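User: Please take me through the charged side-chain pairs of this model, with the reasoning behind each reply.

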Amino acid sequence: SHSSLYWFAGSDDFCPGGSIYPNLKESSLFLYPNQDVYFPPCKRYRISAPFIFAGGKFEQKKPSIEVLPDECLFEIFRRLPGGQERSTCACVSKRWLTLVSNIRRDEISDNKTPQASDLEHENTDKKGGVSSEDVDSDVEGDGYLSRSLDGKKATDIRLASIAVGTASRGGLGKLFIRGSKSRHGVTTVGLRAISRGCPSLRVLSLWNLSSVGDEGLCEIANGCHQLEKLDLCHCPSITDKSLLAVAKGCPNLTDLTIEGCANIGNEGLQAIARSCPNLKSVSIKDCPLVGDQGVASLLSSASYSLTKVKLQALNITDVSLAVIGHYGKAVTDLSLTSLPNVSEKGFWVMGNGHGLQKLKSFTVTSCRGATDSGLEAVGKGCPNLKQLCLSKCPFVSDKGLSSLAKAAGSLECLQLEECHRISQFGFFCSLINCGAKLKVISFANCLGIKDLNSGLPPLSPCESLRSLSIHNCPGFGDASLFALGKLCPQLQHMELCGLHGITDAGVLPLLESCEAGLLKVNLSGCVNLSDKVVQTISNLHGWTLELLNLDGCKISDASLVAIAENCHLLTDLDISKCTITDSGIAALAHFNPINLQILSVSGCSMVSDKSLPSLGKLGETLLGLNLQQCKAISSRAVALLTEQLWRFPSSGMICYYFLSLKMGVAFFMAEFP
C-alpha cells in the first residue's frame with residue numbers, strides 16, 4: 001500500500017505530497033538542536049505542536065516550556081507577582097535558577113493583574129492593614145539575614161540560591177564566604193547573582209578565593225550600594241580596580257579589611273579615602289604594594305571618622321606614623337605589627353604629633369623601632385590611653401616602661417610578652433607609677449625578670465589592681481611574690497602559670513593579703529605548690545571562688561576535701577596531672593552544696609573505675625567532664641557513665657564523648673536551651 005503525508009497550508013485545499021527532501025538528513029534544516037523535529041513549511045499553523053521523527057514515522061510531541069529561549073523565560077519570571085513564586089521557579093532546574101538569580105530588583109515588574117488587585121483589597125482589614133499572607137513582597141530589602149559558605153559549599157549555585165531565597169524573606173544583609181581549592185568554587189557568576197538579587201547587602205567577607213577577580217567584586221560594587229563592611233583575605237586576583245569600583249559604588253563603606261592581597265596597592269586605598277567619608281575602621285595586613293601614600297591618604301581624608309587602625313607586615317616607613325600622629329584625631333584603637341621599615345623616629349614623631357588625644361588602646365608587636373624614647377613620647381601624647389600591649393619589642397627596657405607608666409595617667413591595662421629587657425624593677429615600677437587606675441597587669445615569657453635580691457623600699461599599695469597574670473617567667477620567685485603581697489590587696493583574678501621557682505612560702509603571703517576575695521585562681525604548671533596552698537585558698541577565698549586550676553601541682557586528696565567543704569560557689573575545677581585518687585573524687589561528690597559545671601581530671605593515673613558512682617553524682621550539675629589519659633578508667637566504665645548521665649531528666653543536656661586507646665578516655669557534655 002502507498003502512504004502519503006499531507007499538510008494544510010492555510011488555504012481551503014489539501015495537497016498530497018511526500019518528504020520534502022529525498023535525503024532525510026537534509027531535513028535537519030528544520031529541526032531543533034539534538035532533536036528530530038519536523039516543521040511544515042507554512043506561515044500559519046493549524047497544528048500547535050511540532051512533530052518528532054522517531055521509529056520511521058512522525059509523532060506529535062507534547063508541548064514543553066523548556067523549548068522557550070532564555071529571553072522569554074526571563075520575561076516570564078520577572079513578571080511573577082511575588083518573591084515566593086520566583087523562588088519556587090528557581091527550584092525547577094539550574095537553568096531556571098540561573099535566570100531567576102540574574103533578575104535585578106529594578107527589573108521586577110510591578111504590574112498586577114486585576115485578580116491580584118482584588119485579592120489584595122480582600123486581604124485588607126477594616127483598619128487598613130494587610131494580612132500576613134500578603135506581606136511577601138513588602139519585606140524584601142530589609143537585609144537582616146546572614147549566610148555563610150565554607151569550603152566545598154562555596155559555589156556559584158549556592159550563591160544563586162541564596163540570592164533568590166533571601167529576597168522574599170527579609171533580604172540578605174551579611175554574607176561570609178570561606179573558599180577552598182575546589183575547582184567548582186565561587187566565581188564572577190556567583191557574585192553577579194548576589195549583586196542583582198541582594199541590593200540590601202551590608203557586610204561581605206571573602207576569604208581564600210583565588211577564582212574571584214575584579215569582575216566579580218565590581219559586580220558587587222555596582223549592585224550593592226548599601227555595603228558598609230568589606231573583608232578581603234587572600235584574594236590574589238583582586239586588584240586596585242576593584243577598590244576603585246567599591247569607592248564609586250559604595251560611599252557608605254565604614255569598615256575595610258585587606259589581608260594577603262598582593263595586587264592591591266596605594267591607588268585603591270586613595271580612591272577609598274576620596275569617596276568614603278564615613279570610614280571608621282581600617283585593617284591592612286601583608287599587602288606588599290601598600291605604602292605610605294595609601295596609608296597617609298586614608299588617615300588624612302578620614303581624620304574625624306577613623307577610629308580603628310591596624311597595620312601589619314607592610315612596607316611603610318616613619319612617614320605613615322607621622323601622619324597617624326598628626327591626623328588620627330578620632331583614632332581610639334591602634335595596632336602596629338611587624339613594620340620593619342619603621343624606626344625609633346617614627347614612634348617619637350607619632351607621640352609628639354598631639355593628634356592621638358582620643359587613643360585608648362595601643363598594641364605594638366615585633367617592631368624594632370619601638371624603643372624607650374618612643375614609648376615615653378606616646379605616653380605623653382596620649383593622655384587617654386587605657387590599654388597598652390607590647391609584644392616582642394627587644395629594645396624596650398625598664399626605663400621606657402617606667403617613663404610610660406608615669407606619663408600615661410589613665411592606663412588601666414598593661415600587657416607585656418617576650419620583652420626580654422624588662423626586669424623585676426620595670427615590673428614593680430609600672431605597678432607603682434601607673435597611678436590609681438591600673439586594673440590589669442600581665443607579663444608573659446619575659447626572660448629578663450629575675451627574682452629580687454634585695455628588698456624594695458616602702459611602697460604604697462596599688463588599690464585599683466584587680467587582675468594579676470604572670471606566665472612562664474622563669475626568674476619570678478618567692479621574693480617577688482612576697483613583695484606583691486604588699487601591693488595588691490584588692491586582687492580578684494590571679495594567674496601564676498608555669499612558675500617553677502615559686503613555692504608555698506611565696507604564694508601564701510599573697511593569698512593572705514587579698515582582702516576582697518579571689519574569684520579566679522590559676523596555678524597551672526607551678527609544680528612546687530602543695531596542699532597547704534589549696535587549703536589556704538579554700539579557707540580564705542572559698543566564699544567567692546568560682547574557678548580553680550591546679551593542673552600539674554603537687555596536691556593530693558586532702559586538697560579536694562578542703563575544696564568540697566569550703567568552695568560552694570566553685571563551678572570550674574582542673575586537677576589534671578595531680579596525685580589524687582578515687583577517695584578524693586568521692587569526697588568531692590559527698591558534699592551536696594558543691595555545684596561544679598566543669599571538671600578535668602586528665603592524666604590522673606590513680607583515678608579508676610571505682611570513681612564511677614561519684615562521677616555519676618557529680619554529673620547532675622556537670623556540663624563538661626575531661627577524663628583524658630586516665631589509664632585506670634576502662635572503656636566499659638565510660639560507656640556506663642555515658643548511659644547514666646543521659647538519664648538525668650532535668651539536666652536538659654546533650655552528651656558527647658570520644659575514646660582513644662592510646663590517649664585514654666575523655667567525656668564531654670554540652671547544654672542546649
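User: What is the N to O distance at which the side chains of Glu-219 and Arg-192 meet in a salt bridge?

Analyst: This is a predicted model, in which local features need pLDDT of at least 70 and side-chain atom pairs count only at pLDDT 80 or more, while totals for chains, interfaces and linings use all residues. Residues are numbered from 1 along each chain as its sequence is written, and side-chain values use heavy atoms, with hydrogens and water left out. A salt bridge here is a side-chain nitrogen of Lys or Arg within 4 Å of a carboxyl oxygen of Asp or Glu. For Glu-219 and Arg-192, the N to O distance is 3.2 Å.

User: How many residues apart in sequence are the parts that Glu-219 and Arg-192 tie together?

Analyst: Helices (H or I, at least four residues) and strands (E, at least two) are DSSP runs, numbered from the N terminus. Glu-219 lies in helix α7 (residues 214-223), whereas Arg-192 lies in helix α6 (residues 188-197), so the parts that this pair ties together are separated in sequence by 27 residues.

User: Is Glu-219 buried or exposed?

Analyst: Buried means under 20% relative accessible area, exposed over 50%, and partly exposed in between (1.4 Å probe, protein chains only). Arg-192, its salt-bridge partner, has a relative accessible area of 19% and is buried. Glu-219 has a relative accessible area of 17%, and is therefore classed as buried.

User: Which residue forms a salt bridge with Glu-376, and in which helix do the two lie?

Analyst: The closest N and O atoms of the pair are 3.3 Å apart.

User: Where does Asp-551, the partner of Lys-577, lie?

Analyst: Lys-577 and Asp-551 form a salt bridge whose closest N and O atoms are 2.9 Å apart. Lys-577 lies in the loop between β22 (572-574) and α20 (582-590), and the pair ties together parts 26 residues apart in sequence. Asp-551 is buried, with a relative accessible area of 18%, and lies in the loop between β21 (547-549) and α19 (557-566).

User: Which residues do salt bridges that share partners join into one network?

Analyst: A search of the whole structure finds six salt bridges. Among them is the pair of Glu-219 and Arg-192. The network joined through shared partners consists of Arg-192, Glu-215 and Glu-219.
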